[in-house]
Amino acid sequence: MAKGTWVVVDQRDGKIRKVTFELLSKAQTFGEEVSAVLIGKGVEGLAAELGKFGADKVLIADDDIFANYNTGAYVAQMAAMIKEYDPAVVLFGHTSMGKDLAARLAQKLGVGMATDCVAAEISGGKGVFTRAIYAGKVMAKVAVEGSPVMATIRAGVMEVSESGKAGEAVKVAVAATAADVYQNVKEFMAAVSSRPELTEAEVVVSGGRGMKGPEGVKIVEELADLLGAAVGGSRAAIDSGWLGHEYQVGQTGKVVNPNLYIAAGISGAIQHLAGMSSSKFIAAVNTDPEAPIFSVTDFGVVGDLFKVIPVVTAELKK
Amino acid sequence: MGADRGVLIKADGEADEYARAIILAEVLKEQGADLILCGHVAADDGSSQVPTRVAEILGLPHANVVTKLEFADGKAVCTREVDGGMEVMEVALPAVVTCQVSLNEPRYPSMKGIMQAKKKPIANVDAVAAESKAKIVELFLPPAKQAGKKIEGEPEDTGKQLAAWLLNEVKVEPKK
């Protein structure tokens, strides 16, 4: 009989992504033992931190082969561990690693899965997950049965709480071999920025067509830096070449869920709204009073960002 | 746009990502391909699962969310978006590659291409979906957001009001 909830840790170079803590906190509500699954190289020291956020146990697979995330080795390791320990539920963050690993693992295990979920209920060996479809116009509840029940959860939607569990480190046998590796990661180019990452930021300031060019970008960046925020952009800003595509917020770009989202010169196409409308507070500045962005804002200003945003920035500096 | 042929797969009823991947993989296996290109996320259900599942069934390597694709010595060199940056990854062919915006500029169909498209063969394949493992049990509209405040006026004034809202309601802490 499968039991226990697993949260797969998303980390790079020993730095754990926040979504991992969100999932550990959420997993407390399922009433089962919670284990963090930690795969990497030289990661044993992270167990205590995972315990703090709710891991009863930390299952550690530590090996050179896991130094860089690669699908083949991680899938082989996860599959072997699931076979041995038989967990009831396995959760991942809906991150680059989480969605890549989860999809391939789910098919290997022959199970269904719900991805990019914003709510999760577990009862009687079944998971019911809530997720957005049609660019957020409709919400769907998806029932997932199987052993294990698998899902990826959107970052920023689950509350983080410190439950101070033991985080008992359990070393597991390394099951992956060189033959499992089919991707050769040649290079990782870290985004060079003093700003927080879009998907992890508490505050995001985004600009769109209304920025008109590099000068508008500067105005947006200045406000962002004052707030310690990440900078984002709409499709229009990306297509115009004012911001790189890694800055794109929206359905095909990054889905963000910050405490505060400020949209400057963004009209709010449905694809953009799908990527930000679940933010806790939303403010917008746009010249068009009928712009769809105002349908999701808590505080909207009808006006030109070139005139309004500098006033906001100056006020906040006082 | 440039396709030499099409395959239209028809299946009745519902199929989740698991079942869809099986259908696609069967057809792809039969047809054979050196490179399988997919989008990295569907515009409708947005689940980002099927291509990776297809790769697993076919036992092929995959590379997800690729923004640049080059070929060298029978391998695909993929530059892809990952959290925190970009990664260059090499996979042997055949492979499944999922594409992100900016991989390429779609060409405009030429008049010649449009005329020729009518003569390209489209094969029909009838498929039977395996039973789904994930099922939609409820659909509902997202909770309507209360229309917030919307102000117009002089920038000097509206800007101040927005700043006040940020400080008092959102409680932002600007870096001084």
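Which residues form one aromatic cluster?

1. F66(A), Y69(A) and Y74(A) form that cluster, and a search of the whole structure finds six aromatic pairs over all chains; rings of Phe, Tyr and Trp (its six-membered ring) pair if their centres lie within 6.5 Å, with planes under 30 degrees apart counted as stacked, over 60 as edge-to-face and the rest as tilted.

2. On conventions, this is a predicted model, in which local features need pLDDT of at least 70 and side-chain atom pairs count only at pLDDT 80 or more, while totals for chains, interfaces and linings use all residues. Residues are numbered from 1 along each chain as its sequence is written, chains are lettered from A and ligands numbered from 1 in the order in which they are written, and side-chain values use heavy atoms, with hydrogens and water left out.

3. Chain A holds eight helices and 17 strands, taken as DSSP runs (helices H or I, at least four residues; strands E, at least two) and numbered from the N terminus. The C-alpha trace of chain A spans about 60 × 40 × 35 Å along its principal axes, and 58% of the 318 residues count as buried, that is, under 20% relative accessible area with a 1.4 Å probe and protein chains only, where exposed is over 50% and partly exposed in between.

4. Strand β1 (residues 5-8) of chain A is covered on both faces, with T5(A) and V7(A) buried on one side and W6(A) and V8(A) buried on the other. β1(A) pairs in the parallel sense with strand β6 (residues 89-93) over three bridges and with strand β4 (residues 34-40), also in the parallel sense, over four bridges, pairing being called if DSSP finds at least two bridges between two strands. T5(A) stands opposite V89(A) in β6(A), and V7(A) has A36(A) in β4(A) as its bridge partner.

5. The largest nonpolar core has 39 residues, and L24(A), L38(A), L50(A), V58(A), L91(A), F129(A) and I153(A) have the most contacts inside it; such a core is a set of buried Ala, Val, Leu, Ile, Met, Phe, Trp, Tyr and Cys residues joined through side-chain atoms within 4.5 Å. Helix α1 (residues 18-27) of chain A gives the largest share of this core, five residues. Another core, of 35 residues, lies apart from it, and includes A237(A), L260(A), V312(A) and V172(B).

6. The charged end of R12(A) sits over the ring of F188(A), 3.6 Å from its centre, under the criterion that NZ of Lys or CZ of Arg is within 6 Å of the ring centre and within 35 degrees of the ring normal.
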